[in-house]
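Hello,

I am passing on the structure we spoke about. Please look it over before reading my notes below.

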Amino acid sequence: MLRSPRMDRGKRGPFAGGRIFWPGLSWLPMVYLLVVITTLLVDYVWSVVRRDVYPFFPFISDVGAQQPERSVFGLGLNVISGLSWCIAFVRSVQLKAYHEDQTILNKWSYRAGCLAAMGLLLVANFQDNENHVRAVHFAGATVSFVCTLAYCWMQAVISRRISGVAGVEDMGIAPSSSRMAKVRMILAVVATVLLLMLLIFIVLSIRQLPTWQDLPSKCLEGKQDGESNTTYPWEGDWQPCVKGYDFHVVAAFSEWLLCLTYCAFFGTFYQEFSRLEISCHPQLAGHPYQPIPTSNLNHIM
């Protein structure tokens, strides 16, 4: 159950009868940002040191395509998926409690957030180079990117609608200011442009990707024909000598910026989540909740 500290003003403890897991939920978007940045940074540095990718703007999936980076990449994405779902859930409950007029858009934004989290799970757990596995990986990435963008747009619209709502401050939730609504709208626009650039330049780079027989000799140095099951070099082998590399750089650059834009958007929930708390009232099924008397607790201790 989500509660606001101000709603319990004057009672003993933040919640009367409830057990506090954490005073305020501002840590949730902050932990999300920390895990995302740490996962990407560790995988990038590790893959470059091991010479598994060319260091100048590889695709995010490429930095976690080989072992042992793949294990860290998968673990990080699984955690990120769970955190992103938690953020979508908390935001949905928050809006449902204090802004019932946004019910329809709030429901659809929560569904988009759930689909985005599911897409990340597919990306994290389907990383092999086999064609059918890679197809699931790319499908998950597409679902995650598109659904996260949809979530950002819907949340930006909701923030615009509820900005400066009178009386919400007394409920213990900071109303979305006009400035924050504009920031979220700008981030949604930037994310849209970056996603379009990513999709367009990925297609352009793949169309120009040469076969093994057409690769320059310096690109084949240290590698023999037939190491890959396909007629194309591995995605992690993008180098300046490969045709279409310029398009690849633009696509990869857009992908990295898109992820950072999504992180910035989720980070904007920090202020609103800081005024929320989570508690639970454990009870047996079919029995009403009854707080344990303090004297009984002292006897148990």
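The notes below cover a helix pair, the cysteines and one serine in this predicted model.

Helix pair. Helix α1 spans residues 27-49 and helix α7 spans residues 245-267. Their axes come within 8 Å and cross at roughly 160°. An angle over 145 degrees counts as roughly antiparallel, so α1 is roughly antiparallel to α7. The crossing of the two helices is left-handed. On the α1 side, the contact is made by P29, M30, Y32, L33, V36, L40 and Y44. The α7 side supplies W256, C263, A264, F266 and G267. By class, the residues of this contact are 11 nonpolar and 1 polar, with no charged residue.

Cysteines. The count of disulfides comes to 0, with a pair of cysteine sulfur atoms needing to lie within 2.5 Å to qualify. C263, one of the α7 residues in the contact with α1, is in no disulfide. Its nearest cysteine sulfur belongs to C259 and is 6.8 Å away. C263 has a relative accessible area of 4% and is therefore buried, the cut-off for buried being under 20%. C114 has a relative accessible area of 24%, which makes this cysteine partly exposed.

Serine. S144 lies in helix α5, residues 131-162. With a relative accessible area of 9%, S144 is buried. Leaving aside residues up to four places away in sequence, S144 touches A116, G119 and L120.

Regards

How values were computed:
Residues are numbered from 1 along each chain as its sequence is written. This is a predicted model: local features need pLDDT of at least 70, side-chain atom pairs count only at pLDDT 80 or more; totals for chains, interfaces and linings use all residues. Side-chain values use heavy atoms; hydrogens and water are left out. Axes are lines fitted to C-alpha atoms, for helices over the stretch in contact, and angles run from 0 to 180 degrees between N-to-C directions. Helices (H or I, at least four residues) and strands (E, at least two) are DSSP runs, numbered from the N terminus. Angles under 35 degrees count as roughly parallel, over 145 as roughly antiparallel, 65 to 115 as roughly perpendicular and the rest as oblique. A crossing is left-handed if the near helix is turned anticlockwise from the far one by less than a right angle, and right-handed if clockwise. Contact means heavy atoms within 4.5 Å. Ala, Val, Leu, Ile, Met, Phe, Trp, Tyr, Cys and Pro count as nonpolar, Asp, Glu, Lys and Arg as charged, and the others, Gly among them, as polar. Buried means under 20% relative accessible area, exposed over 50%, partly exposed in between (1.4 Å probe, protein chains only).
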